[in-house]
Amino acid sequence: MAVYFIIDRESEAVKIGRSKRPESRVATLSTGNPNPLELMGWLVSSDDSALEAALHRAYAHRRRHLEWFDIGTDEVLRELQRHSGFVPKHADAFEIASYDKDGVPEYVGVCKWADFEIDECCPFCGCMAGMYFNEAAWMYHCLACDTLTNFDELAYREGRADPND
Ligand SMILES: [Zn+2]
């Protein structure tokens with residue numbers, strides 16, 4: 001199971017809860033909620049109920065009601081980074097918007113609600129541990145999905161929903 005962060009775009013409240021499939025949880029919650037909901041990300045843990053409880057405790061002073069909290073996107077981002085969590089990928093995450101001065105590609109955006117560099121967030125799986133440069137292979141590597149790439153293959157990879165398929 002994963003611990004997810006779902007934001008209510010109308011009230012700006014963030015729900016911290018647990019689900020096997022966070023992305024379908026949004027749809028379920030949306031049925032009973034007139035406001036637009038968006039999955040910000042999720043954390044994978046061997047003890048997800050303890051992690052959820054720890055987060056509920058940490059933000060207890062800003063609990064709105066039940067599992068909804070007044071926490072900002074900065075704090076959600078910090079939790080995602082601290083626990084090497086995941087953000088939902090954009091369908092066009094691989095589209096390169098530009099290159100920085102070192103020739104590193106900059107994407108349209110891995111996810112909808114924030115901009116990340118590839119060393120902050122893997123564009124292949126959305127892991128907030130990011131990709132690191134493997135000097136021996138001279139390629140970027142993601143420990144979460146094990147993608148190893150120099151980004152020349154991107155054109156080839158485009159259109160593939162899941163690099164693990
Ligand atoms: Zn990855």
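The model under discussion is predicted. The account begins with β1, which covers residues 2–8. Six of the seven residues of this strand are buried, so β1 is largely enclosed by the rest of the structure. Burial here rests on a count, because a residue is called buried if 20 or more other C-beta atoms lie within 10 Å of its own.

Two strands pair with β1. With β2, the pairing is antiparallel and extends over six bridges; within it, I7 has V14 of β2 as its bridge partner. With β3, which comprises residues 37–44, the pairing of β1 is also antiparallel and extends over seven bridges. In that pairing, F5 stands opposite G41 of β3.

Although E12 and T73 are 61 residues apart in sequence, their C-alpha atoms are 9.3 Å apart in space.

A further group of strands forms an open sheet of three, in the order β8-β9-β10, with antiparallel pairing. Because β8 (132–134) and β10 (148–149) stand at the edges and each has a single partner strand, one side of each is left without a neighbour in the sheet. The pairing of β8 with β9, residues 139–141, is made over three bridges, and it includes F133, whose bridge partner in β9 is Y140.

The loops of this sheet also deserve attention. Between β8 and β9, the loop contains W138, a residue that has a positive phi of about 60 degrees although it is not a glycine. W138 has 8 other C-beta atoms within 10 Å and is therefore exposed. Between β9 and β10, the loop contains D146. D146 is likewise a residue other than glycine with a positive phi, in this case near 65 degrees. D146 counts as exposed because it has 11 C-beta neighbours inside 10 Å.

How values were computed
Residues numbered from 1 in each chain as written. Predicted model: local features only at pLDDT ≥ 70, side-chain atom pairs only at ≥ 80, totals over all residues. Helix = DSSP H or I, 4+ residues; strand = E, 2+ residues; numbered from the N terminus. Buried ≥ 20, exposed ≤ 12 C-beta atoms within 10 Å, placed from the backbone. Pairing = 2+ DSSP bridges.
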